[in-house]
Structures are given as C-alpha cells and as structure tokens.
Amino acid sequence: MAYLIFSLSLLLIYVGLALALHVQFGMLGIANFGVVGFWGLGMYAMGILQVQLDMSFVDALFLVLILSVAVSWLMGWLILRLDPQATLCATIAFAAIISLLIVTEKWVTMGVVGLGTIRYPFRIGDGTEFLYFVFLVAIVVGLQVLILRLHKSPTGKLLKAIRDNEGLCASLGKNTFQVKMFWFVLASIVMCLLGALSAPLNQFLTPNMMVPSVTFAVWIALVLGGKEHALGAVIGVFVTFGIFDILIETYAPVSPDLAVVVPNMKLFLYGLLLMAVLIYRPTGLLAPTTPPEKVWQELLRTGKTAFSGAATLTQRGVEKTKEALGKKSEQSGGNDPAGKS
C-alpha cells in the first residue's frame, strides 16, 4: 500500500510537470527540453536548505520560490528571443548544467554520495504519506482548474495567437516578448516547486535522479495526450506512466522468468504507441477542439484508432522481418557453389 501511494504521488508530480509544459509548449510554442533541470533545481534546493541549513519545510519552500523566480527569469531573458531550435538546445544545456553542478559541488550537494533525509512538512504517524498524497492531489487539481479557465479566457486566446503567428500579434500592438516571459517564468516556477515537493517523497536525493528520461517522459505524455488540449497532459501521463509504469510494470502478474523482459517491453510499447498516435492522430489522443464533456467518447474513438494503428505497425514489422530473412536465406543458398545447403 505504501508503494502504491508513493507511485501515485509521483504520478501527480508528472501530471503537474506536464501541465506546466502544456502552458509553455502547447499554448505558447516554447520548446522547453530542460524540464528535468527546473524540477531538479527545486528538488535539490529543498534538500540543501533542509539538510545542510536545517530549515523548516515552509521556510525552505519560500526560498526555493525566490530562487526559481530568479533562475526562470534569467533563462527566459536568455532564450525567448532565440529561434525554436536554439531554444531547444539552450534548455537542454541548462538541464545538463544543473545536473553537472549537483555532481561537482560536493561541499553542498554531497555529490554522488547523496543528500538526505528530507522531511515531510508534517508528521502524523503512519498516515503521513497518504495525507501528503492528498495535499498533492489538491495542488494538481488546482493547476488543472486554472488551466481550464485559462483556455477559455482572453489571455489564453492571446497565448495561442502568439504560438500560431507571433509576428501578426506584434503588428497589432501586443508585447509578445513580455507575455511569453511572464508565462514561461510562471510555468518554470511551477516546475521548480513541484521539484521541491518531490524531495520529501524521495527523502534521499542522488544525481541519478537527474536523468533526461524525466524530460522525455513528460514530453511523450503531453504529445500522446494532446499538447493543445487542456486535459491532454493528464490523459497522457495516465496512459504512459499510469498504465505502463504502475499498472503493468508493478502490479501485472508476470512470472519471474519474464520479469527481466518487462522494462524493455514497456519501452517498446511506449515507442510503438507514440508512433501510432503520431502517424494516425498527430494532434494526440485529444484533438484541440474536443469539448471537456466529450473527452471520454473522444478517447475511446482515438484509442481504438491508435491501438489498431499499433497492431498494423507491428504486423508490417513482422512481415518486413520475414521478407528480409527470406532474402538472406536465398542469398546464402545462391552463394553455395556446391549446393550443399
């Protein structure tokens, strides 16, 4: 039960990261590939302030907020005038720098030895983890409600207009850089704060948590769910992390002989499903125009399309493999002058 609560809490953190990325990329078109950098910055800042400086959770969270504002504003000032490719490279470099600093600055991060133990903001015995899970649910639901309201507001329409044609918006008198800066900084702060909230969940921080797969998992979930839909991030995280990482990898009745294969099969199915969605449903499982009250009907319809597409891709792969093996066998037979084969 404790592991299930931990897994679901981690799932909520991923949902929050995907929602923040939805604002940056889905609504504004800013390709932020430094998600793990912002998340790790908040997580390690919380750990350092609690463990090295013995601060309380609330004081540490307040300082993480100030730090995240400064770093996010600096990143926005540096990258938001760049073209999309340069923005992508710059955000990847930012994540790499944060990861490198965590390893090299041993005097404060403890390097590869690790940093811990991170305390929860409250302690009520055996129910601490569950109460913290409820706390995370409230935060993520609040984020989702705010994004749903943002989509319907004039500000949301302005963000989408900047994403689709920034030059036209600028010609109409809109300060597009200022708008992009505000929302990029706000979404990055959310990523940092979610990192700070992840620290008590993990309790002991090590550099191997700062892996690019965190960024890739959030991106895959957002693209799969529907990057332009308000609920796409939530659906994408549940389909990827929820089904594959929690349900199948942890709770599916798999024999010990096949347990080694499960992680590789998970990655294979991840990729296959993503390819099928990108080929047969480029907008993701949820189209941008899907009304929230028709999400389930849309999911059932597009889910059938995606899974049938994945089956078709698998069948084509098998046929291609058989064809290649057949040609190789024929060539081997043709090259045998004595005809012994």
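This is a predicted model: local features need pLDDT of at least 70, side-chain atom pairs count only at pLDDT 80 or more; totals for chains, interfaces and linings use all residues.
Me: Before we dig in, what are the ground rules for the numbers?
Reply: Local features need pLDDT of at least 70 and side-chain atom pairs count only at pLDDT 80 or more, while totals for chains, interfaces and linings use all residues. Residues are numbered from 1 along each chain as its sequence is written, and side-chain values use heavy atoms, with hydrogens and water left out.

Me: What makes Y3 and F6 an aromatic pair, and why is the pair called tilted?
Reply: Rings of Phe, Tyr and Trp (its six-membered ring) pair if their centres lie within 6.5 Å; planes under 30 degrees apart are stacked, over 60 edge-to-face, and the rest tilted. The count by this rule is 11 aromatic pairs. For Y3 and F6 the centres are 6.2 Å apart and the planes 35° apart, so they pair, and the label is tilted.

Me: Where do Y3 and F6 sit?
Reply: Both are in helix 1 (residues 2–27), three residues apart, about one turn of the helix. Helices here are DSSP runs (H or I, at least four residues), as strands are (E, at least two), numbered from the N terminus.

Me: Why do Y3 and F6 count as partly exposed?
Reply: Buried means under 20% relative accessible area, exposed over 50%, and partly exposed in between (1.4 Å probe, protein chains only). Y3 has 47% and F6 has 27%, so both land in the in-between class.

Me: Why is the pair of F38 and F184 called edge-to-face?
Reply: The planes of F38 and F184 are 80° apart, with 6.2 Å centre to centre, so the angle is over the 60 degree cut-off. The pair links distant parts of the chain, with F38 in helix 2 (residues 35–52) and F184 in helix 9 (residues 176–202), 146 residues apart.

Me: Are F38 and F184 buried or exposed?
Reply: F38 is buried at 0%, and F184 is buried at 0% as well.

Me: How do you know that the charge of R81 sits over the ring of F177?
Reply: The rule wants NZ of Lys or CZ of Arg within 6 Å of the ring centre and within 35 degrees of the ring normal. The charged end of R81 is 3.9 Å from the centre of the F177 ring and sits over that ring.

Me: What makes D54 stand out, and where is it?
Reply: Most residues other than glycine have a negative phi. D54 has a positive one, near 55°, in the loop between helix 2 and helix 3 (57–79). With 60% relative accessible area, D54 is exposed.

Me: What about Q203?
Reply: Q203 is not a glycine either, yet its phi is positive, about 65°. Its place is the loop between helix 9 and strand 2 (204–205), and at 27% Q203 is partly exposed.

Me: How do you know that helix 2 is close to its expected span?
Reply: The expected span is 1.5 Å times one less than the number of residues. Helix 2 has 18 residues and reaches 25 Å from its first C-alpha to its last, close to the expected 26 Å. Helix 2 is also mostly covered, with 16 of its 18 residues buried.
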